[in-house]
Amino acid sequence: MLKGLLAALLMLAGMCSATAADAPLDAGQLLQRQQAGQAPVLLDVRGADEYRDGHIAGALNIPVDQLASRAGVLGVPRDSEIVVYCVSGKRAAKAQETLSSLGYTHVRLLDGSLDTWRQRHLPLAH
């Protein structure tokens with residue numbers, strides 16, 4: 001009986017971690033998921049010039065000020081996992097709010113955004 005209760009609690013905890021209020025995704029975890037072919041939708045909300053100067057491979061670029069009108073180009077169901085980043089995280093947080101207001105339910109921030117990615121010397125695409 002106790003084992004069953006423990007298993008149920010662990011399963012419930014796992015389900016809670018996959019909700020709209022997911023914790024930010026660590027840069028190393030994102031890289032591992034990319035390498036395993038299990039990357040989430042990755043959204044860079046910086047300006048186009050910033051994006052061209054270097055971005056995380058596979059990231060779609062929609063500047064934060066255009067996101068409300070262009071969110072449809074994501075082309076994914078509203079319950080898909082989306083990881084958002086910018087340089088420091090401020091624009092990404094605004095984008096997370098925008099996407100949530102549009103009905104996207106699984107939006108996470110990249111922990112530390114691009115600043116942390118660069119500090120860890122992780123690869124950038126150009």
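Is Thr116 buried, partly exposed or exposed? Thr116 counts as partly exposed, because its relative accessibility is 22% and buried would mean under 20%. Welcome to this structure, which is a predicted model. The chain has 126 residues, and 37% of them count as buried. Here is a short tour, from the whole chain down to single residues.

**The chain as a whole**

- You will find 6 helices and 4 strands in the chain.
- Take the contacts between residues at least 6 apart in sequence: 68% of them join residues at least 24 apart.
- The chain has an accessible surface of about 7,200 Å², and carbon and sulfur atoms account for 58% of that.

**The nonpolar cores**

- The largest nonpolar core is made of 16 residues, and Leu43, Val45, Leu74, Ile82, Val84, Leu99 and Tyr104 are those with the most contacts inside it.
- Strand S3 (82–85), helix H5 (90–101) and strand S4 (107–109) are the elements that give two or more residues to this core.
- Among contributors to this core, H5 gives the most, with 3 residues.
- Another core lies apart from this one; it has 14 residues, including Leu30, Ile56, Leu110 and Leu122.

**A closer look at Ile82**

- Ile82 is one of the residues with the most contacts inside the largest core.
- Setting aside neighbours within four places in sequence, Ile82 touches Val41, Leu43, Leu74, Val76 and Leu99, and is also in contact with Tyr104, His106, Val107 and Arg108.

- Thr116 sits in helix H6, which covers residues 113–119.
- Although Thr116 and Ala27 are 89 residues apart in sequence, their C-alpha atoms are 7.4 Å apart in space.
- Ser113 also belongs to helix H6.
- Why does Ser113 count as buried? Ser113 is buried because its relative accessible area is 1%, and the cut-off for buried is under 20%.
- The side chain of Ser113 reaches the backbone nitrogen of Cys86 at a distance of 3.1 Å.
- Beyond its neighbours within four places in sequence, Ser113 is in contact with Tyr85, Cys86, Val87, Ser88, Gly89 and Ala92.

How values were computed: Residues are numbered from 1 along each chain as its sequence is written. This is a predicted model: local features need pLDDT of at least 70, side-chain atom pairs count only at pLDDT 80 or more; totals for chains, interfaces and linings use all residues. Side-chain values use heavy atoms; hydrogens and water are left out. Buried means under 20% relative accessible area, exposed over 50%, partly exposed in between (1.4 Å probe, protein chains only). A nonpolar core is a set of buried Ala, Val, Leu, Ile, Met, Phe, Trp, Tyr and Cys residues joined through side-chain atoms within 4.5 Å. Contact means heavy atoms within 4.5 Å. A polar contact is a pair of N or O atoms within 3.5 Å; within protein, one must be able to donate a hydrogen and the other to accept it, and residues adjacent in sequence count only if both atoms are side-chain atoms. Accessible areas come from the Shrake-Rupley method with a 1.4 Å probe; for residues, only the protein chains shown count as cover.
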